[in-house]
Amino acid sequence: MTSKKRQLVLNVFLQRFGHHLAAWRHSSSKDNGRPNLDWWVRGAQLAEAAKFHTFFLADFIGRSGEITADTGRSGISYQFEPFTLLSAIATVTKNIGLVATVNTNYDHPYHVARKFTSLDHLSNGRAGWNIVSSYSPHTALNFGLDEQRAHEDRYARAAEFVELSKRLWDSWDDDAFDHPDRAAGQFYDPAKSHPLQFNGEHFASDGLLDFPRPIQGYPVLVQAGNSDTGREFAARIAEMSYCSAQSLDVAQAFYKDVKSRMAKYGRAEDQLKITPGLSVVVAETDQEAQDKFGELQSLVDVSNVHFGGFDLSGYDVDGPLPDLPYQSGENGRGRFQQQLDLARRENLSIRQLVLRFRVARGHLQAVGSVKTVADTIEQWFVERGADGFNVVPPYLPQGFEDFTRLVVPELQRRGIFRTEYEGETFRENLGLDRPERKS
């Protein structure tokens, strides 16, 4: 276990316009919905200038062809495919980690392993993989799939997907291509190649990866999920966890639970960074920040709320969440339960539930002055509710510009966040071990 001083991890997860439900309707939002590379490059460079660890890119793959009352009313999830965008960003940044989300239900490990190998070499050792296994019937139809995959089955499939990917990355020694012998006509030593024969329950592969081993050995492995199955997956495989909590006691319970599961897999607790989402509206004063947040909240549409498999549009939005036999569905079980527990514990109305939970997608909301926001971050970090945060700006670009301009310098002044990058690779900057090749 490393003896270095524990430092706060900061990641940024940008969504076009922002994460708040009404971000695209905010008075500062002027862009249309067309893809815009310059916008993403500016965001990544701003994060790197502020010494963030990670530029995190989600991928909400697939779209339903069903036209409903909600169709066309959301502006948050239409963006570039992650590998393409991060490859472009890799050429204009030098230090920040680049995390791409890949769903293990719609690809093969060979394709994914070679793409991450390419990204890791393109970025000089800054690639990370956010492993997701969510399964939407609409997305399945996009791929011509009609089978149903249960929650636990999808995680088991994802674990095998990762295992085969590691075997492919390990099919070459690190220095396999470093010493071409031109005099002897030997480009590489065959003893440094290690063909695999993998026959699992879900995948098979025979041969070698067609690219040198990643600079980092493996990309940094990230996992998002709050369910019990997701926690076990994080403890066994992940090196960073993107989770959600709106109160410190909930965050501490998650942190302690996941870290305590790691020992049985022979892993040290500092080899997993727990980074819950953090939505921040910051200003010079608490009142100014509250006014900014209030403007966003006033734009939220609560006319067509669905929850737990029920359409609530026929109920009074200012009445309590009706007592119905809600079902979590196959995806987002942890967050579904968080919503239900919050609504019942505090007897929230439908409108209050949306404005408390959904506007930040269940993440911690910090609204206030620099001191107010920095106090919250420091408390969660020091009291082991988090190793850091995945910052999810509610509106962009101003929301993230305010965070880097106001909050980051205060965290650095308090000595909990770095002022310079210390390592050369993403792993080194996170304090993670480099995996040796397994024979």
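This is a predicted model: local features need pLDDT of at least 70, side-chain atom pairs count only at pLDDT 80 or more; totals for chains, interfaces and linings use all residues.
Trainee: Is Asp387 buried or exposed?

Mentor: Asp387 is located in the loop between helix H11 (370–382) and strand S14 (388–391). A residue counts as buried when its relative accessible area is under 20%. Asp387 has a relative accessible area of 6%, so Asp387 is buried.

Trainee: Which residue has a side chain joined to that of Asp387 by a polar contact of 3.1 Å?

Mentor: Leaving aside residues up to four places away in sequence, Asp387 touches several residues, among them Gln7, Tyr255, Lys273 and Arg6. The polar contact of 3.1 Å links the side chain of Asp387 to that of Arg6.

Trainee: Which residue is joined to Pro397 by a cis peptide bond?

Mentor: Pro397 lies in the loop between S14 and helix H12 (398–413). The peptide bond in question has an omega of about 0°. The residue that this cis bond joins to Pro397 is Leu396.

Trainee: Is Phe17 buried or exposed?

Mentor: Phe17 belongs to the loop between strand S1 (9–13) and helix H1 (37–49). Although Phe17 is not a glycine, its phi is positive, at about 80°. Its relative accessibility is 11%, and the cut-off for buried is under 20%. Phe17 therefore counts as buried.

Trainee: Is Asn347 buried or exposed?

Mentor: Asn347 is found between helix H9 (333–345) and helix H10 (350–356), in the loop there. Asn347 has a positive phi of about 50° and is not a glycine. Exposed means over 50% relative accessible area. With a relative accessibility of 56%, Asn347 therefore counts as exposed.

How values were computed. Residues are numbered from 1 along each chain as its sequence is written. Side-chain values use heavy atoms; hydrogens and water are left out. Helices (H or I, at least four residues) and strands (E, at least two) are DSSP runs, numbered from the N terminus. Buried means under 20% relative accessible area, exposed over 50%, partly exposed in between (1.4 Å probe, protein chains only). A polar contact is a pair of N or O atoms within 3.5 Å; within protein, one must be able to donate a hydrogen and the other to accept it, and residues adjacent in sequence count only if both atoms are side-chain atoms. Contact means heavy atoms within 4.5 Å.
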